[in-house]
Amino acid sequence: MIRYLFLTLALLLSLSLLGGMSGSAVQAIPTVDLIIYSDTLAAGWQDWSWDSTVNLANGAPVHSGAASVAVTYNAAWAGFSLRAPAPLSGSDYSAINFWVYGGAGGNTLELYTQPTDGGAPGPAYTFNALEGDWTAVTVPLTSLGSPTAIARITIVDATGAVQPSFYVDDVTLVAALPPGDAYPPLVVNENATVDGFASNQFTWSDSQRQTRTAALVKNDRRDPTNHWGGFLRQYTYNLGTTTRVVNGSTNTHPGFGYTVNHYPASGSNAALSYNYQGNYSAVLRGRHHAIHEFSWRLNMGGPVDATVHWFFATGRDHPLWAVTFDSSPAGANVVTADTRAPYGDLQWDGGVYPGSEVAGVGWGDRYKFRSLHSPVTMDSGWDYSQPNTIPYVIEWTVNPDAEMGLVQSQTYLQHDAGGYWFYPNWGTTDPDGPMPEDFNWTYQLNQYELPFVTTSKRLAWGSNFGAVGQTAYPAYGDDRTLVGYPYQSYSVFVVLDRHSLNPVATQVTQIETVQNSALNASVGTVVTSGPAGIGRADTILYDPPGYDPIYSTWNVQAGADNQATFNLNINQGTLRNPIVVIHNYTAAAPPTILINGVIKLADVHYFASMDTAQNQLWLTLNDSFSGNIQVHIEGTTVLPAHVYLPLIRRN
Ligand SMILES: [Ca+2]
Ligand SMILES: [Ca+2]
């Protein structure tokens with residue numbers, strides 16, 4: 001199967017990186033790849049090997065075409081060396097790609113370049129050739145000391161002993177991309193002071209390679225508003241020529257993302273996490289993915305533990321907020337609480353409190369509710385006529401052009417959301433208003449301020465009472481009974497962007513697309529179940545298989561040799577920058593990645609993070625995908641690069 005795949009890939013390889021750049025986030029390549037060897041050496045290149053028997057027209061095995069290079073080292077420290085007709089400029093290229101087939105027991109090899117025929121070798125890149133299998137090796141020039149000139153490319157014995165014959169095919173120098181095409185790593189300032197708040201500040205590149213930042217206030221100490229932090233204080237994103245800076249609104253509601261639970265069923269009391277001292281921790285700090293945890297012991301008429309994760313990823317516009325309420329400390333049916341978490345108040349129009357008037361509000365449960373008059377007042381008309389599957393809330397201004405919302409990572413059937421008694425109005429409209437009574441909006445938005453001001457930016461999630469603490473509580477619509485004890489877990493995207501870009505509707509469509517996609521693996525296996533929520537030992541079946549709603553990721557278990565081949569079949573729409581988590585990935589370095597047979601470049605076509613503690617590899621695939629895509633993960637056993645100082649015989 002693997003061999004067949006690679007043969008197929010080989011046919012595509014000569015087109016690789018020329019025709020594969022269809023994604024709107026990726027610019028065209030200005031220079032072309034240089035194929036050094038496919039079945040013969042490219043014009044002017046010479047074999048300058050030493051202590052080796054080299055057959056440049058070896059008939060079997062071949063990776064592509066009719067021939068490969070067979071290399072037999074006849075002495076320790078022997079070298080297979082290819083000499084360019086004239087030194088090449090290192091800045092024209094980004095990586096060296098080739099395929100290698102190991103002999104009995106495999107081969108341990110090192111690759112380096114030299115700037116002149118007899119020049120000092122750059123740092124060596126160590127790799128293993130697997131016995132009896134073609135594997136792809138991509139060596140970024142940054143791993144070779146970013147050579148300014150390349151006169152020779154050499155693969156040497158790294159063991160000090162004679163090795164079995166090995167084979168090399170399809171040696172290519174990959175053209176450099178424009179400097180602006182590489183996405184910088186995600187950065188976390190673990191001890192930032194932002195707008196006066198002690199914070200962990202996350203800086204990442206979104207799907208447009210624009211910088212976004214989020215400052216999460218530490219929750220183990222008093223903050224400047226005399227609360228205990230644990231919320232998003234400041235969020236920034238790019239508007240083209242300027243940056244929108246969004247800050248918390250007031251000292252009473254100083255940010256977004258704290259938990260609010262009303263209790264008991266009368267709703268007369270409320271527990272707010274910013275009134276509780278808690279703890280925070282770094283769950284994941286990868287090159288391109290980060291998860292930050294807040295935790296509290298709350299009191300809702302009984303003790304309830306709340307755990308919140310914020311998930312940030314390069315290539316993903318919107319952070320994801322995940323929660324588990326664990327009411328087992330209180331015991332079953334002691335607590336009767338709703339959840340309005342995440343909750344908060346940001347000046348998401350980029351203004352200074354009280355800011356601009358809110359032009360519209362809306363939400364999705366089984367239908368889409370939308371106000372019809374700007375600014376929104378309690379007298380506004382509304383439309384609740386369009387069916388919906390992915391729960392969300394939305395609020396926007398037109399001047400300035402701004403929007404904030406939340407979008408669940410699942411359908412309402414997979415996890416219910418919203419509450420109270422307005423559902424008899426599903427499918428109806430009331431063009432001349434008024435809006436529903438304030439207590440009866442499906443989610444809390446700005447309705448409790450609307451009798452007084454039209455500028456409130458309040459926004460929250462929602463559920464019926466009993467969602468936290470009760471072994472049985474009613475779904476919104478009162479036609480299903482749900483379980484709110486011992487756990488209540490769900491995840492929502494926190495969406496901030498320009499209203500004209502329809503970011504909430506776009507995120508809703510993305511989750512609809514997820515629901516219409518299917519994951520299959522031919523090497524490795526699809527992960528079909530996982531934790532039912534953060535911090536939970538019980539599991540759920542993933543729906544669709546492989547899709548984890550906690551972080552909105554696709555999950556695959558690697559097969560032998562840290563390899564995986566899987567297909568993501570997107571049956572409807574376009575999936576933007578999906579994130580895949582490879583489990584049981586034990587290689588010491590990120591893999592080579594091929595999408596539809598084309599070798600992809602790290603930090604450009606995908607963004608990888610190693611989680612060595614969990615043996616997980618997190619990957620954002622940086623493109624817009626539709627139809628059936630095939631992804632191949634070729635784990636390497638690369639050792640850390642070091643400076644190699646061999647004795648070299650110069651021809
Ligand atoms: Ca060949
Ligand atoms: Ca009316």
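A nonpolar core is a set of buried Ala, Val, Leu, Ile, Met, Phe, Trp, Tyr and Cys residues joined through C-beta atoms within 7 Å. A residue is buried if 20 or more other C-beta atoms lie within 10 Å of its own, exposed if 12 or fewer, and partly exposed in between, with C-beta atoms placed from the backbone. The largest such core here has 166 residues, and Val407 and Ile582 touch the most other members.

This is a predicted model: local features need pLDDT of at least 70, side-chain atom pairs count only at pLDDT 80 or more, and totals for chains, interfaces and linings use all residues. Residues are numbered from 1 along each chain as its sequence is written, while chains are lettered from A and ligands numbered from 1 in the order in which they are written.

## Overall build

The chain has two helices and 48 strands. Both kinds of element are DSSP runs, numbered from the N terminus: helices are H or I with at least four residues, strands are E with at least two. The radius of gyration is 28 Å, close to the 26 Å that the globule rule gives for 651 residues, so the chain is as compact as a globular protein of that length. That radius is taken over C-alpha atoms, and the rule is 2.2 Å times the number of residues to the power 0.38.

Along the principal axes, the C-alpha atoms fill a box of roughly 85 × 50 × 45 Å. Of the 651 residues, 52% are buried.

The domain assignment gives domain 1 (27-181), domain 2 (187-510) and domain 3 (517-636). Such bounds come from an automatic or database domain assignment. The centres of domain 1 and domain 2, taken over C-alpha atoms, are separated by 53 Å.

## Strand 6 and its partners

Strand 6 (residues 93-101) is mostly covered, with nine of its nine residues buried. It pairs with strand 11 (residues 166-175) in the antiparallel sense over seven bridges. Two strands pair if DSSP finds at least two bridges between them. Asn97 has Thr172 of strand 11 as its bridge partner. Strand 9 (residues 134-140) also runs antiparallel to strand 6, joined by seven bridges. There, Ile96 is partnered by Val139.

An open sheet of eleven strands has the order 20-21-22-23-34-29-28-25-26-27-30, with antiparallel pairing. Strand 20 (279-285) and strand 30 (428-430) stand at the edges with a single partner strand each, so one side of each is left without a neighbour in the sheet. The twist averages 15° from one strand to the next.

Six bridges join strand 28 (residues 392-397) to strand 29 (residues 402-408) in antiparallel fashion. One bridge pair is Trp396 with Glu403 of strand 29. Helix 2 (residues 503-515) packs on the sheet, touching strand 25 (360-364), strand 28, strand 29 and strand 34 (487-497), and its direction makes about 20° with that of strand 29. Axes are lines fitted to C-alpha atoms, for helices over the stretch in contact, and angles run from 0 to 180 degrees between N-to-C directions.

Val407 belongs to the largest nonpolar core. Not counting residues up to four places away in sequence, Val407 touches Ile390, Tyr392, Val492, Phe493, Val495, Val504, Gln507, Val508 and Ile511.

## Loops and backbone features

| Feature | Value |
|---|---|
| Tyr263 to Pro264, cis peptide bond | omega near -20° |
| Gly433 to Pro434, cis peptide bond | omega near 5° |
| Asp51, positive phi | phi near 50° |
| Asn615, positive phi | phi near 55° |

Pro264 is in the loop between strand 18 (260-263) and strand 19. Pro434 is in the loop between strand 30 and strand 31 (458-460). Asp51 sits between strand 2 (46-47) and strand 3 (52-58), and counts as partly exposed with 17 C-beta neighbours inside 10 Å. Asn615 lies in the loop between strand 45 (606-611) and strand 46 (616-621). With 15 such neighbours inside 10 Å, Asn615 counts as partly exposed.

Gln277 is in the loop between strand 19 (269-272) and strand 20. Leaving aside neighbours within four places in sequence, Gln277 is in contact with Asp220 and Trp228. The C-alpha atoms of Gln277 and Arg221 are separated by 6.8 Å, though the two residues are 56 apart along the chain.

Note on methods
Contact = placed C-beta atoms within 7 Å.
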